[in-house]
Amino acid sequence: MKRIMFVAIAVMASVALFAGAKKADCGKDFKVEKSKVDLKKASEVYKKNCASCHGDDGKGNTPTAQALKPRPRDFTNKEYMSKRSDCDIYTVIKKGGSSIGLSPLMTPFEKILKEDEIKALVVYIRNFSNKK
Ligand code: HEC
């Protein structure tokens, strides 16, 4: 019986580790409260740190973006962006693309931006595809 328990725990742990490699994990019920973020600040931070690759319009059509492989996604693409959770977007900005299996050319910003700036950017990025 003890042995079976041990095997079961080992299997669960390795499954968790494997899943953790590609999936963002922010804890249960992670959500960025839209009303609590400073979008004006987010817009400044975005223009300074993100727009060179992702474009002022979020479409990822800048000359820099065109030189990248893979190219940044189009943030105005509602269908694609709706598959991304707040946690995914938050984790990509904080820990970089490779944290959820995307390109490492999307570098981590956890040392550059503050927590509330990252959260504000999540809402700012969502707004590209929420607008008509
Ligand atoms: C050097 C260019 C570059 C800069 C600067 C950059 N990104 Fe990215 N970003 C990328 C690339 C390339 C990808 C696509 C990775 C992929 O699809 O594999 C990406 C992906 C993303 C994604 C994931 C989109 C998806 O496919 O789900 C988000 C969110 C994102 N970037 C946000 C930001 C934010 C916010 C900033 C500024 C703080 C920023 N990026 C700065 C290049 C950049």
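In this predicted model, the largest nonpolar core has 17 residues, and Ala-42, Leu-121, Val-122 and Tyr-124 touch the most other members. Such a core is a set of buried Ala, Val, Leu, Ile, Met, Phe, Trp, Tyr and Cys residues joined through C-beta atoms within 7 Å; buried means that 20 or more other C-beta atoms lie within 10 Å of a residue's own, exposed that 12 or fewer do, with C-beta atoms placed from the backbone. Two or more residues come from each of α2, α6 (86-95) and α7, and α7 gives the most, with seven residues. Helices here are DSSP runs (H or I, at least four residues), numbered from the N terminus. Residues are numbered from 1 along each chain as its sequence is written. Because the model is predicted, local features need pLDDT of at least 70 and side-chain atom pairs count only at pLDDT 80 or more, while totals for chains, interfaces and linings use all residues.

Helix α2 (residues 39-49) has a buried side made up of Ala-42, Val-45 and Tyr-46. These residues lie on the same side of α2 because they cover an arc of only 100° around the axis, taken from the directions from the helix axis to the C-beta atoms. On the face turned away from that side sit the exposed residues Lys-40, Lys-47 and Lys-48. The cover over the buried residues of α2 includes α3 (51-54) and α7 (115-130).

Turning to the ligand, 21 residues surround it, the closest being Cys-50, Cys-53, Leu-102, Ser-103 and Met-106; a residue counts as near if its C-beta atom, placed from the backbone, lies within 6 Å. The elements giving two or more residues to this shell are α3, α6 and α7.

Note on methods:
Two residues are in contact if their C-beta atoms, placed from the backbone, lie within 7 Å.
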